Amino acid sequence: MDIQMKRGLLDVAVLAAIKNEDSYGYQIIKDLKPYMEISESTLYPILRRLEVGDLLTVRDTIHNGRVRKYYHITEKGLEKINAFKNEWQEIMLIYDFVIREESGNDKD
Amino acid sequence: MTKTEFLEKLKNQLSTFDESEAENWLKYYGEMLDDRIEEGQSEEEAVNSLGSIDAIIDEILQQTPITRLAKAKLNRKTLRGWEIALFIIGFPLWFPLLISAFAVVLSVYVSIWSVIISLWAAFASVVACGFSGIVVGIGFIITGKLSSGFALIGAGLTLSGFSIFLFFGCKAASYGIIWLTKKIVLSIKNSFIKKEAAK
């Protein structure tokens, strides 16, 4: 997949992974694994970028005597997911067009 | 490799990084390993699932802007008095050397790109010759100069065919250069950390 496109998709996917309840690094990776290839070293810069952009907040919690960082989605993060959904409808229209043209040409 | 060994190695590799930034990466990987171990993996398995240290460092480098790497390295280095004196006295010597080194690197890079540009220019001219050969050839035939006309059209078609091969060659060369550029940038970034880690 195109790198720029994948980058945008990863941002939204990570936001979606913390949308319903706060989550932590390893859990996010496990949740995304069936859908997209994401390594630890890819996830970290995304989380940082989202934090700097106020799309999520980070909080340290003590878990089994050690620190675990939990990520919480902000209002801006939720807006980002909605914006993505709207954009995607436009993309799906184009996708439909591309597929229709393809199958139309096959019949010739 | 145990968790401690892994984190120790990573710490060495990140020694030129800004201290708090390196600390953040270490905490992050520590948490990742703890979560895996808590889930029932052995330390060995947990470390292996993160991939090789070199691959991790490469990825971290790709994510870190080159300016920040250079800045972190400068901040780490504390200059002694005589080093500063040498630095100032040596200015007439090292400054031109630095400029020329930079110029050499730049000119090598520019020449590589000029090769690419000239390849594409050659491609464009072959296409233009092929096209005009056909057009002028048709013109000759219409005005009655049959043999010259056919010769020109033939030459035009040959050139057009040749240009197809040329196109694929040019494309491959361009991709090669882009790939090379990425490699060079990564190796420059690598030079910021590997040297320190070897000390």
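Mentor: Before we start, a helix here is a DSSP run of H or I with at least four residues, numbered from the N terminus. Keep in mind that this is a predicted model. Read along its sequence, chain B then follows the pattern α-α-α-α-α-α-α-α.

Trainee: How many helices and how many strands does that give chain B?

Mentor: Chain B has eight helices and zero strands.

Trainee: What share of chain B is buried?

Mentor: Buried residues make up 15% of its 199 residues. To be counted there, a residue needs 20 or more other C-beta atoms within 10 Å of its own. As for contacts in chain B with a separation of 6 or more, 63% of them join residues 24 or more positions apart.

Trainee: Which residues of α1(B) and α2(B) meet?

Mentor: B:K3, B:L7, B:L10 and B:K11 of α1(B) meet B:A22, B:L26, B:Y29, B:G30 and B:L33 of α2(B). By class, this contact has six nonpolar, one polar and two charged residues. Gly counts as polar and Lys as charged.

Trainee: Which residues do α3(A) and α4(B) bring to their contact?

Mentor: From α3(A) come A:S41, A:T42 and A:P45, which meet B:I56, B:E59, B:I60 and B:Q63 of α4(B). They divide into three nonpolar, three polar and one charged.

Trainee: How many residues does each chain give to the whole contact?

Mentor: Chain A gives 12 residues and chain B gives 14 residues. In chain A, the elements that supply two or more are α2 (25-32), α3 and β3 (66-73). The most comes from α3(A), with five residues. By class, the side of chain A that touches chain B has three nonpolar, five polar and four charged residues.

Trainee: Since β3(A) has come up, how do you know that β1(A) and β3(A) pair?

Mentor: Pairing needs at least two bridges between the strands, and β1(A) and β3(A) have two, in the antiparallel sense. In one of them, A:Y24 has A:Y70 as its partner in β3(A). The partner of A:S23 in β3(A) is A:Y71.

Trainee: What joins β2(A) to β3(A)?

Mentor: Eight bridges do, with the two strands running antiparallel. A:R59 stands opposite A:Y70 in β3(A). The strands β2(A) and β3(A) form a hairpin with two residues between them, and A:N64 in the turn has a positive phi of about 50°.

Trainee: Then what makes β1(A) and β2(A) edge strands?

Mentor: The open sheet of three strands has the order β1-β3-β2 in chain A, with antiparallel pairing. Both β1 (23-24) and β2 (56-63) of chain A pair on one side only, and they are the edge strands.

Conventions:
Residues are numbered from 1 along each chain as its sequence is written. Chains are lettered from A and ligands numbered from 1 in the order in which they are written. This is a predicted model: local features need pLDDT of at least 70, side-chain atom pairs count only at pLDDT 80 or more; totals for chains, interfaces and linings use all residues. Two residues are in contact if their C-beta atoms, placed from the backbone, lie within 7 Å. A residue is buried if 20 or more other C-beta atoms lie within 10 Å of its own, exposed if 12 or fewer, and partly exposed in between; C-beta atoms are placed from the backbone.
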